[in-house]
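Please keep the model open while reading.

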Amino acid sequence: MTTSMIDLPQTVLPTEEDAVIARECCRRLSLIPEGLDAAQFQIQPTAAPDAATTIPASALRLLKGILLQMANGNAVTLIPVDSELSIAEAADVLNVSRHFLVERIEQGDIPFRTAGNKQLISYRDVLAFKERTDRSSEQALNELCEQAQELGMGY
C-alpha cells in the first residue's frame, strides 16, 4: 500500500451535524453540470482563505459520492486500489462472513499471499471477485425470471 498524507483506509462515521452539512454540500454540488471532466474546481476554506486549492473533476465526482453517503448517515471508507486487505477487511468489503471468504480462498476463487501469519488479499482481486459473483448472481436471477415467465407465474 502506498503511503500518503492521510492514513488509509480509514472509516468515517458521520455525526448528525456532518450529515446535515453533507446534505447541503450535495445540494450545492448537484447544481454543477455533469460531464465536466476537463474542468477543475476550487475549495476555499472559510477559516484559511489563503489555503484555497484546485481539485480535478474526477476528485469532485468521488467527493460527491462520499458526501452523499455521509448525508445518508453511512460510514465511508476510502481504500486505494493497490491496497492489500486482511481477511476480515476483505470480508467487510464483500459483505460476507470471514468463514465464507476463507472457503473461497481455499477453493482458489480469490488469490492471496501470506505475510507472517496473516493472509493478505489484493483489493483489486476483491473487486474482481465481487464483479464475477455479481455477474453470476444477475445471470441466475435473469434465468429464474425467464422460467417464471414461461411458467406463467405472473413475474
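A crossing is left-handed if the near helix is turned anticlockwise from the far one by less than a right angle, and right-handed if clockwise. By that rule, the crossing of α3 and α5 is right-handed. α1, in contrast, passes α2 in a left-handed crossing. The model is predicted.

**α3 against α5**
- Helix α3 spans residues 87-94 and helix α5 spans residues 123-150.
- Their axes lie 10 Å apart, at an angle of about 35°.
- On the α3 side, the contact uses Ala90, Val93 and Leu94.
- On the α5 side, Tyr123, Val126, Phe129 and Lys130 take part.
- Six residues of this contact are nonpolar, one is charged and none is polar.

**α3 against α4**
- Helix α4 covers residues 98-106 and packs on α3 with the axes 9 Å apart.
- The angle between α3 and α4 is about 105°.
- Angles of 65 to 115 degrees count as roughly perpendicular, so α3 is roughly perpendicular to α4.
- α3 brings Ile87, Ala88, Ala90, Ala91 and Leu94 to this contact.
- α4 answers with Arg98, Leu101, Val102 and Ile105.
- The contact of α3 with α4 has eight nonpolar residues, one charged residue and no polar ones.

**α1 against α2**
- The axes of α1 and α2 come within 8 Å of each other.
- They cross at roughly 135°, and therefore α1 is oblique to α2.
- From α1, the contact takes Asp18, Ala19, Ala22, Arg23, Cys25, Cys26 and Leu29.
- From α2, Leu60, Lys64, Leu67, Leu68, Met70 and Ala71 join in.
- By class, the residues are 10 nonpolar, three charged and no polar.

**Second largest pocket**
- The second largest pocket holds about 210 Å³ of space.
- Its lining includes Glu24, Cys25, Arg28, Leu29 and Ile32.
- Phe41, Gln42, Ile43 and Ile55 also line this pocket, as do Leu60, Leu63 and Leu67.
- Two or more lining residues come from each of α1 (16-29), β2 (40-43) and α2 (57-71).
- α1 gives the largest share of the lining, four residues.
- Nine lining residues are nonpolar, two are charged and one is polar.

Technical notes
Residues numbered from 1 in each chain as written. Predicted model: local features only at pLDDT ≥ 70, side-chain atom pairs only at ≥ 80, totals over all residues. Heavy atoms only, no water. Axes fitted to C-alpha atoms, helices over the stretch in contact; angles between N-to-C directions. Contact = heavy atoms within 4.5 Å. Nonpolar A, V, L, I, M, F, W, Y, C, P; charged D, E, K, R; others polar. 1 Å grid on protein atoms, 1.4 Å probe; cavity = no way out; pocket = protein on both sides within 12 Å on 5 of 7 lines; lining within 4 Å. Points joined across faces, edges and corners; volume = space filled by probe spheres on them. Parallel < 35°, antiparallel > 145°, perpendicular 65-115°, else oblique.
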